[in-house]
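Me: Please show me how to read a few features of a model.
Reply: Here are the sequence and the structure.

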Amino acid sequence: MAARLEPGRKAPDFALPDADGRTVSLADHRGRRVVVYFYPKASTPGCTTQACDFRDSLERFAADGFTVLGISPDGPEALARFAEKESLPFPLLSDADHRVAEAYGAWGEKKNYGKTYEGLIRSTVVVGPDGDVELAQYNVRATGHVAKLRRDLGLAG
């Protein structure tokens, strides 16, 4: 399993295709605080709940100076369908080879129904304007995560 990120450490840079095939990089958002959240699979119940929570809180995150980026192993076509169906206004990025998830400590051993396998670990990393990790949360729950994240960041509602 990849090493998990700790606050104060430089966040690994990345450049990934979005739902429209355009490249989005972490460097594009330097100077802003960025919520980078990793989710296992577009259009599944838990991932839809989490994405819609981010969607519904996006104006408040923006008002507090944050950009939100969602990353999954899905291809751009699946991300485009997911974004359209759920009206997701923030970038969804394709990490098909899971290199970025590995660099962020969001790829590793998982257990489900008694089986052990390698996969994406639902995680959120907040990157500061200077590119340093401010907060890293792993094995987060899909339901209620956005509200908890806002509390952990000291943000209102």
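Me: In which loop does His29 lie?
Reply: This is a predicted model, in which local features need pLDDT of at least 70, side-chain atom pairs count only at pLDDT 80 or more, and totals for chains, interfaces and linings use all residues. Residues are numbered from 1 along each chain as its sequence is written, and side-chain values use heavy atoms, with hydrogens and water left out. His29 lies in the loop between β2 (23-25) and β3; strands are DSSP runs of E, at least two residues, and helices runs of H or I, at least four, numbered from the N terminus.

Me: Is His29 buried or exposed?
Reply: Buried means under 20% relative accessible area, exposed over 50%, partly exposed in between (1.4 Å probe, protein chains only). His29 counts as buried because its relative accessibility is 17%. Beyond its neighbours within four places in sequence, His29 is in contact (heavy atoms within 4.5 Å) with Val24, Val34, Thr67 and Leu69.

Me: Which residues of α4 are buried?
Reply: In α4 (residues 145-152) they are His145, Val146, Leu149 and Arg150. Down the helix axis they fall within an arc of 135°, so they line one face of α4; the arc is taken from the directions from the axis to the C-beta atoms.

Me: How do the axes of α1 and α4 cross?
Reply: Two packed helices are described by the angle between their axes and the distance between the axes. Here the axes of α1 and α4 come within 9 Å and cross at roughly 40°. Each axis is a line fitted to C-alpha atoms over the stretch in contact, and angles run from 0 to 180 degrees between N-to-C directions.
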